[in-house]
Amino acid sequence: MAAVPLIRVVGLVRVFGAQRVLDGVDLDIAAGEAVALLGPNGAGKTTLLKIVATLLRPTRGTATVAGHDCVRDAESARAVLGVVGHGAHVYEDLTARENLAFWARLNGRPVGGDTLTDALADVDLDRHADARVRTFSAGMRRRLALARLGLTNPRVLLLDEPFAGLDQRARKWLEGRLEAFKAGGGALLMATHSFGRELGISDRLAILAGGRVTLDTPRAGLESQDVQRLYAAYTEEVS
Amino acid sequence: MIERRSKETLNALLFFSLALLLVFQFALGPDRERLASVLPGLLWLGFILSGVLGLGRAFLVERENDCWEALLLAPGDKSAIYLGKLVSSLALMALVEALMLGLFVVFFNVELGPALPGLALVIGLGTVGIAAVGTLFAAMTAQVRARELLFPVLLLPVLVPVLLGTVKATEALLLQEPLAAVAHWLKLLVAADVVYLAVGLLTFDVILEG
């Protein structure tokens, strides 16, 4: 019997007013697999991520994370989720260390010893540990948001534009972390506009257009220009 | 910690309280008899208005950088978040109220004397009630566009029992009546506090989830 996918989305519909943003999305992501979710602006990528992240209720359909329903059993789903969305989830008037400590306590994680220093060093922010986040650049905030992932052991990662705003060094670091996460049996769903590094660590590409997954294909063997061609074909077809 | 560092709300409330007292002082003049009859109402009007201003900002910091989502994603009992917000709101309100009471004594030449312990009890009970329901409604309206309007419109009618109990008890205590004489108002305040706290703890999870 095949193992239950870590992320399973079946017939997902989400309506905002008169707008049907998601119109029957189906998607499975197995353990050790990374899927890059591509699509034009307003295609519903963030909406899909938010539903799987238990932050938004679907109008119809189901989403499950590690077998836990994202609506009826949201608490269990959250226990295995790691989410980095558009907002960095950081408080401007706290320092980087205080932000991490708050987040760790909120999630019942230990903050003693060198835990926080190590997590900050991991994203090259240890020199700025005691600086207020208000003084940080967008890339530094992003790195701080990613440092949170080092404090927990999620089985499922949901990332919205994970490489946006990162410098080359941070990109390389993140790439390594995501590869290690996959190798450890985690499932990864990334929403992106970019055809860059995200694609390098993806096992599959899913193109979301017109509220549906119009293409779900293995990435292996696809060059950047192939992806661009597919993207154009499968998004223009809908529009 | 954020408020202790930025002092944004505290500074605003202190200036607001001072401005309110100056307005009261100019409006009422030195007529002692008129002052004695309106003073309890004025005192609580000041407390309520500064409380509404402060509580209305309680969850605004969570809107920055989508911190609201981080709270939502945290596993475990969300009522702990309610209690944390309640305690920080209580601390802020207590600070502003203590200062406002001191300024009232100076501005209106009020003799508190032996009424002070009883008054402190009434203010404490009233503040818990205002903060308990205010924290809940602040969370409820934090994600709404017209929250500045909606928050006081929802909050003030629900606070009627607290206002009634505190103003009446304060009036009696300022007239140097014993605490036993206002026992029924104190019971009303305790009951209101218990109900507001229970509702806050039980419903905060649902409100946070939206």
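Me: In which sense do strand S6 and S7(A) pair, parallel or antiparallel?
Reply: This is a predicted model. Strand S6 covers residues 81-84 of chain A, and 4 bridges link S6 to S7(A). Across that pairing, A:Val83 stands opposite A:Leu158. The sense is parallel.

Me: Which residue in S8(A) stands opposite A:Leu159?
Reply: Strand S8 of chain A spans residues 187-192 and pairs with S7(A) in the parallel sense, over 5 bridges. Within this pairing, the residue opposite A:Leu159 is A:Met190.

Me: How many residues of strand S7 are buried?
Reply: Strand S7 of chain A runs over residues 156-160 and is mostly covered. A:Val156, A:Leu158 and A:Asp160 point one way, and A:Leu157 and A:Leu159 point the other way. Side chains in a regular strand alternate between the two faces of the sheet. Both sets are buried, giving 5 of 5 residues.

Me: Is A:Ala191 buried or exposed?
Reply: A:Ala191 is found in strand S8 of chain A. A residue counts as buried at 20 or more other C-beta atoms within 10 Å. A:Ala191 has 26, so A:Ala191 is buried.

Me: What separates the C-alpha atoms of A:Ala191 and A:Asp124?
Reply: The two residues are 67 residues apart along the chain. Among the residues that A:Ala191 touches are A:Leu37, A:Thr46 and A:Asp160. From A:Ala191 to A:Asp124, the C-alpha separation is 24 Å.

Conventions: Residues numbered from 1 in each chain as written. Chains lettered and ligands numbered in written order. Predicted model: local features only at pLDDT ≥ 70, side-chain atom pairs only at ≥ 80, totals over all residues. Buried ≥ 20, exposed ≤ 12 C-beta atoms within 10 Å, placed from the backbone. Helix = DSSP H or I, 4+ residues; strand = E, 2+ residues; numbered from the N terminus. Pairing = 2+ DSSP bridges. Contact = placed C-beta atoms within 7 Å. Lists of a residue's contacts leave out its neighbours within four places in sequence.
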